[in-house]
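Here is a short briefing on one protein model. Keep the structure open while you read.

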Amino acid sequence: MTHTAPLAPTAADIAREVLETESAALTALAANLPDDFADVVALIAGAEGRVIVSGMGKSGHIGAKIVATLASTGTPAQFVHPGEASHGDLGMITRADVCVLLSNSGETAELKDMLGHCLRFKVPLVALTSNASSTLARAATYRLTLPKQPEACGIGMVPTTSTTLALAMGDALAVALLRGRGFTAEDFAVFHPGGKLGAQMAKVADLMHTGDEMPLVQAVTPMPEALLEMTSKGFGITGVIDGARLLGVVTDGDLRRNMAELMGKTASEVATRDPRTVTPDTLAAAALATMQSAKISVLMVTEGDAPVGILHIHDLLRAGVV
């Protein structure tokens, strides 16, 4: 009888195994959230200083990402490298700060000086580790103990599952903090003014045309004059106002629907009443979504009933809002 050798796992097989291993670990963490989690959130929320995060090796890389997430969501944070801390950067840590030290084993030698500094100056210390009986965990004020789960590498040595858990715990802290303080998309935009994300967070007021650039005619304006206003302003539309109140808009579609008697009508007789509008504080991305859902390219911008600006889809595209 011949025996067929088992097939070697494919790259896709290995990928699924890694993701399933890490997914199971995250499920275990969610089911067994560290007892001190809520206390750590309260500690950070009430701190007068910053969140100082440190770790060595892969833990350091995870710590740096946690810092970036905290800082971008309104929690002042700073990463201090443990090696540099031992050569002067301990001076960056004050009594007003909260120190979060990452070490899967809890016995990382490079963290000893930071640990000693926190104990000496009574800096609140949070241990993020999977070893509850470690030196770091026993010395800490609070412990975010991660469940011991197998690394996804297959040899039990490469930081994979453990770093994923640490990163997820950092995300959980950041989100709990931002929700606790009522952090909004507008607040997020303050820390992301550049690039595509900055464009998504821009407001209509930043992009709209105002003043003499706005095509506006009174309700009683004859359509020949309204056509001149539409043509001169170049938006393919004009707002129709009754005093200071926006009554409607005249669009190219309105012109075609009234072509037979167009020149004998007034702007109010041709206008589409109660058009879609946005306010100046509407996010540009939300304005774009409104345009797309209504299949229109121009929006009047209003405050109350009064038009204060006009926004074209090209303004959004030029700004990178896509």
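The structure holds 1 cavity of 30 Å³ or more. This is a predicted model.

**The cavity**

**Helix H1**

- Helix H1 covers residues 11-31, which makes 21 residues.
- At 1.5 Å a residue, H1 should span 30 Å. Its end C-alpha atoms are 30 Å apart, so the two values agree.
- The buried residues of H1 are Glu22, Ala25, Ala28 and Leu29.
- Seen down the axis of H1, these buried residues fall within an arc of 115°, so they line one face of the helix.
- An α-helix has 3.6 residues a turn, so residues three or four places apart point the same way.
- Leu19, Glu20, Thr27, Ala30 and Ala31 are exposed, on the face of H1 turned away from its buried side.
- Helix H7 (161-180) is included in what covers the buried residues of H1.

**Helix H2**

- Helix H2 spans residues 37-46, and its buried residues include Phe37, Val40, Val41, Leu43 and Ile44.
- Viewed down the axis of H2, the buried residues fall within an arc of 160°, so they too line one face of their helix.
- The face of H2 turned away from the buried side carries exposed Ala38, Ala45 and Gly46.
- The buried residues of H2 pack against E1, strand E3 (98-102), strand E4 (125-129), E5 and H7.

**Thr160**

- Where is Thr160 placed? Thr160 sits in the loop between strand E5 (142-145) and helix H7 (161-180).
- Is Thr160 buried or exposed? Thr160 is buried, because its relative accessible area is 18% and the cut-off for buried is under 20%.
- Leaving aside residues up to four places away in sequence, Thr160 touches Glu22, Glu151, Ala152 and Cys153.
- One of these contacts, Glu22, is a buried residue of H1.

Note on methods: Residues are numbered from 1 along each chain as its sequence is written. This is a predicted model: local features need pLDDT of at least 70, side-chain atom pairs count only at pLDDT 80 or more; totals for chains, interfaces and linings use all residues. Side-chain values use heavy atoms; hydrogens and water are left out. Helices (H or I, at least four residues) and strands (E, at least two) are DSSP runs, numbered from the N terminus. Buried means under 20% relative accessible area, exposed over 50%, partly exposed in between (1.4 Å probe, protein chains only). Contact means heavy atoms within 4.5 Å. On a 1 Å grid over the protein atoms alone, a cavity is a set of points where a 1.4 Å probe fits but cannot get out, and a pocket is an open set with protein on both sides within 12 Å along at least five of seven lines; lining residues have an atom within 4 Å of a point. Grid points are joined across faces, edges and corners, and a volume is the space filled by probe spheres set on the points. The expected span of a helix is 1.5 Å times one less than its number of residues. The arc is that of the directions from the helix axis to the C-beta atoms.
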